[in-house]
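Dear colleague,

Please find below a structure that I am handing over to you. My notes on its aromatic rings follow.

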Amino acid sequence: TLAGKVFKILFYLNLLLIAALVISLTIYGLVYAFHNHHFHPKQWYPPLLIATLCGGIVGFTWQWITARTPTKAIRAAFCLSPFLSCAMGVMFVYIGSAPSLAVGIVALVSALIQSLYGCWVSPRFDYAKRILSVSIADPPAKSMRWAFYSTLIGVLYCCFLVCGIGGARAIENRTMLTALLILVILLSLGWTMQFLKNVLQVTISRVKYMHLFGGEIMDTRVALHDTVNYQTGSVSLGSILVPFISLFRGFARSTSLIGGDNGEVMFSCVSCYMGIASLLVTRGNRWGFVHVGVYTKGFVQASSDTWDIFNRAGLEQLIDLDLTGSFCFLSGMAGGAMCSLVSGIWSIVIHKSYATEISIYAFLIGYFMFRLAMSWPQACVSAYYVAYAENPQSTQFDCTIPVRLEQLQRYQA
C-alpha cells in the first residue's frame, strides 16, 4: 500500500537520522566532559546502562517464566506491577525535588489504579490463564531463540540511545535544546522498540496461525525474512497507531466508568468518546498484525478485516474482555518500575541530582524491554483467536473459547 511504502521510508529515515544525531551527541558529550565539570559521565552513564542490562536479562527471564508457568505469571504480574510502581513512587518522593514529587505522585496514583483494576478483573483470571496456556502450549520452533535475539538487539539499541541522551545532557545552558533533543531520541526509542516487538509479533503469529488453521509447519526464519522485507511499512504504521488507539480507548472506557451517568453533558461526551474509540479500533488493533503476516495486507485493511471476522463469529465481547493485553502491559510496567528502582537507588547514592531524570529514562527502557520480550506469547494468543474466529469447527481448538462464550451468554441473560 502507499501508506506502507511511505512509513517504510520514514522508519528507515528515522533510524538513519537518529544514528547520526546520537553519534554526534556522544562525541560532543565525551569531548565536553574533559573540559568542563558541568556533566559527569562516570556518575550519569553506569546506573542507566546497568538498568538497561537488567531490563534485558529480567525481561527475557520473565517470558521464560511465562512460557513455563503461565498461570502463575498472570497472577504475579497483577500483583508485582502495583507493588513495584508504589515502590518507585516512594523513591521519587524521597528524592525530594519538585519534578520528582510530581512523578512520584503520578506513580503512586498509577499503583492505586493498577491495584483496583486487578481486583475488578480478578474473576477473569481463570479464563486468562487457560487461553494463555492453550495458546502457547505448542509455540513455533525456536520462539525462545528469536525472543533472545530481539531482546539482545533491544538492549544494544537502548544502550546506544543512552549514549546520545547523555551527550544531549552535557550541553550547558541550553535547556530547551537539550529537552528537544532528548524528546526526539525518546520518541525514536518508542517507535523502534514497538517496531521490533511487532516484527516478532507478525512473524510468530503467522507461523502459529498457519499451524492452527491448516496444520502447516512453517519455518520461522522464512516468516521473519518475509516480514522484514515486505511488511516493514505496515509494521511501522501499526507501531504508531496501536499504542495511540489503545491509549484513547482506555481513556474512553475510564471516562465511561467514572462519569457515564453524571449529567446529560457528561453522557454526551462519553458517548462521543466511545463512538470514536469503537471506530478507531476497527482501523488499528493488534489483532490485525496476524493478517499482515499471513495475507500481506496493509495494516489498516488487516485490522478492519480481522475485526469484521470477530464480529461475524460473535467474539467481539470476548476480545474486549481479554486480559492478555493487560497482562503484557502490567509486565511492562513492572519491568519499567524495576529498572527505575535499580538506576534511581544507584543515582541517589552516588549523585542525587541525576536521580530523577535517570530513573525516568530507566523506566521507559525497562517498559519497552519487557514488552519486547513478551511479544511472542501475545502473538500466539492473537493467532489463536483469529484462527478460531475463521474456523471454529477445527479440531485444533479445545473447548476453552466455546465454554467462555456460554458463560458470557449466561451472565447477560
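**Aromatic rings in the model**

F310 has a relative accessibility of 1% and is therefore buried (under 20% relative accessible area with a 1.4 Å probe, protein chains only; exposed is over 50%, partly exposed in between). The model is a predicted one, in which local features need pLDDT of at least 70 and side-chain atom pairs count only at pLDDT 80 or more, while totals for chains, interfaces and linings use all residues. Residues are numbered from 1 along each chain as its sequence is written, and side-chain values use heavy atoms, without hydrogens and water.

The rings of F329 and Y367 are edge-to-face, with centres 6.0 Å apart and planes at 70°. Rings of Phe, Tyr and Trp (its six-membered ring) pair if their centres lie within 6.5 Å; planes under 30 degrees apart are stacked, over 60 edge-to-face, and the rest tilted. F329 belongs to helix α14 (residues 324-350) and Y367 to helix α15 (residues 355-373), so this pair ties together parts 38 residues apart in sequence. Helices are DSSP runs (H or I, at least four residues), numbered from the N terminus. F329 is partly exposed at 36% relative accessibility, whereas Y367 is buried at 14%.

Over the whole structure, the search finds 21 aromatic pairs. One of them joins W307 and F310 edge-to-face, at 6.1 Å centre to centre and 80° between the planes. Both residues lie in helix α12 (residues 299-313), 3 residues apart, or about one turn of the helix. W307 is buried, at 3% relative accessible area. Elsewhere, ring pairs link F11, Y12, W191 and F195 into a cluster.

With kind regards

Notes. Helix = DSSP H or I, 4+ residues; strand = E, 2+ residues; numbered from the N terminus.
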